[in-house]
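Hi,

Here is the structure for you to look over.

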Amino acid sequence: MSSQLIFFILAALSIMSALFVVFSKNPIYSVIWLIVCFFSIAGHYIMLNAQFLAIVHIIVYAGAIMVLMLFTVMLLNLNKATEPHKPLLYKLAAMVSGGLMLLVLLASMRSTQLGEYASPAYTESGFVQNVGMVLFTEFLLPFEMTSVLFIAAMIGAVVLAKKEVH
Amino acid sequence: MSIILFKAILVVLLFLISLGIAAYSTYAERKVAAFLQDRIGPDRAGPFGLLQPIADGVKMFLKEEIIPTMSDKFLFILGPSVFMVTTLMVSAVIPWGMPLEFGGETYALQVADINIGILYVLGVVSLGVYGIMIGGWASNNKYALLGAIRASSQMISYELAMGMSVVAILLMTNGSLSINNIVEAQGTGKLYGFINVSGMNWNVFYQPVAFLIFLICAFAEANRTPFDLPESESELIGGFHTEYSSMKLGLYLFGEYINMFISSAIIACLFFGGYNFPGIDYLGTILPHNMVSIISVLVMFGKIFFFIFLFMWVRWTIPRFRYDQLMRLGWQILMPIAIVNVLLTAAAITLFGN
């Protein structure tokens, strides 16, 4: 099977699953389609020979974040009967912001020039060793800053959770 | 024989072996339980009760299939399927023995030697929770949902300590993530630099702490006692599979035993030298290569069976944790120890070399 065929299957799968995320009536199904979408994106990473990125994508997004998401949706027990009717103002605000988004997208699309398609050469830059080398030499400062950011988020979450007790 | 055909045969063989071992694990579990409790155990079906798993399987298939009316039918069926698929997927990256040689070509006894092997294992293990969560929620039953929530929070908590304990092992093998490299590294070199027994340079002699942490986390990930809170039958009536019947329940129970088998294989590979055994080099000089390969496969399975026995031994010895104890053990004891272990290992390697 040529890699082009695999790419088209993966691309169709990611777009379809992304559409299902939006159009599913049941939030649980939305979450499950999002997991499928993440898997097809991980497939794209593997096609680009970025194995490390692919597996980290699965571990972090599909394995941890989506579990928490599913958790929340399951516990909230959302269904159509209890969903409140949204006031007209909300609908209007959503429409205006959606329209603005469309405008921005259109404006940016108009000015872009489509480049020639260059077939990606075989590269090993996505392997663990190479990613690690780059991450800990060239991009050390941004990398450490992200971890500081994560610690800040973690402490923030603990502080917010502790407040409820008193 | 083309390499693709060989891999296909290997995949089918692994599938059958996993199912066979899972089936006979149920028998072994009862026999071990009987032995530890001074009973006889199953002995009616066939000699020594050896046909018991087959009888159980037939019973499972013939039972009435009940899908609760208020459940989400698609997800109800998807749950056990996802659970089974994820448990079977891990076996792809495990090296089961030394490579075989036919007509000058070598055939590795491993389905895929990918250079992110151990990350693949952690990734697939973290997906196993979906089978439980989807099944537990789709049952539309409070007990099932509680069991599913317990299972997922437990698995997320223990994955971290598990990953941390593996990092120490990765430092030992120059940061290679391929399980094949980790196993090969344990077959070369002298133990502690002076005990010259070939194939004995196992990681467990250098990393006993990491091994203990990994073992505890493997128990938690496989939902085995003392961490079987997701299914604790006395409080949750079986937990996430309360509503399941017939072969769908069978898939959940089977998946647990396959999990046990795969965890044992991973423990053997990471800490106990995989297919390496003392004197493997000497045997290579007096026996043909393929013979040694077959012996190495048998040794690997011997190690796996020992750890499966350990799983059962612990199950019938130690009582279940309370939920807060479980969380405290995972986050406040195992995590810090694992991090300190990684730092100490890194410091030792920097100071003394390998």
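How much space lies in the largest cavity? About 230 Å³. This is a predicted model, in which local features need pLDDT of at least 70 and side-chain atom pairs count only at pLDDT 80 or more, while totals for chains, interfaces and linings use all residues. Residues are numbered from 1 along each chain as written, chains are lettered from A and ligands numbered from 1 in written order, and side-chain values use heavy atoms, without hydrogens and water.

Cavities

A cavity is a set of points, on a 1 Å grid over the protein atoms alone, where a 1.4 Å probe fits but cannot get out; lining residues have an atom within 4 Å of a point. Points are joined across faces, edges and corners, and a volume is the space filled by probe spheres set on them. The count is two cavities of 30 Å³ or more.

The largest cavity has 18 lining residues. B:Val90, B:Val125, B:Glu221, B:Asn259 and B:Ser263 lie nearest its centre. Helices H3 (73-89), H4 (117-138), H5 (142-172), H7 (208-221) and H9 (246-271) of chain B each give two or more residues to this lining (helices are DSSP runs of H or I, at least four residues, numbered from the N terminus). The lining splits into 12 nonpolar, five polar and one charged (nonpolar: Ala, Val, Leu, Ile, Met, Phe, Trp, Tyr, Cys and Pro; charged: Asp, Glu, Lys and Arg; polar: the others, Gly among them).

The second largest cavity holds about 50 Å³. Its lining includes B:Phe83, B:His241 and B:Glu256. H9(B) gives the largest share, three residues.

Largest pocket

A pocket is an open set with protein on both sides within 12 Å along at least five of seven lines. The largest one holds about 2,600 Å³. It is lined by 48 residues, with A:Ile59, A:Val60, B:Leu160, B:Met164 and B:Val167 nearest its centre. H5(B) gives the largest share, 11 residues. By class, the lining has 36 nonpolar, nine polar and three charged residues.

Surface

B:Tyr24, B:Phe48, B:Leu50, B:Leu51, B:Ile54, B:Val58, B:Phe61 and B:Leu62 form a nonpolar patch. Patch residues have over 30% relative accessible area and no salt bridge, with nonpolar side chains joined within 5 Å and like charges within 9 Å. A salt bridge is a Lys or Arg side-chain nitrogen within 4 Å of an Asp or Glu carboxyl oxygen. Together the eight residues named expose about 860 Å² (Shrake-Rupley, 1.4 Å probe, only the protein chains shown as cover). Helix H2 (residues 52-62) of chain B gives the largest share, four residues.

Best wishes
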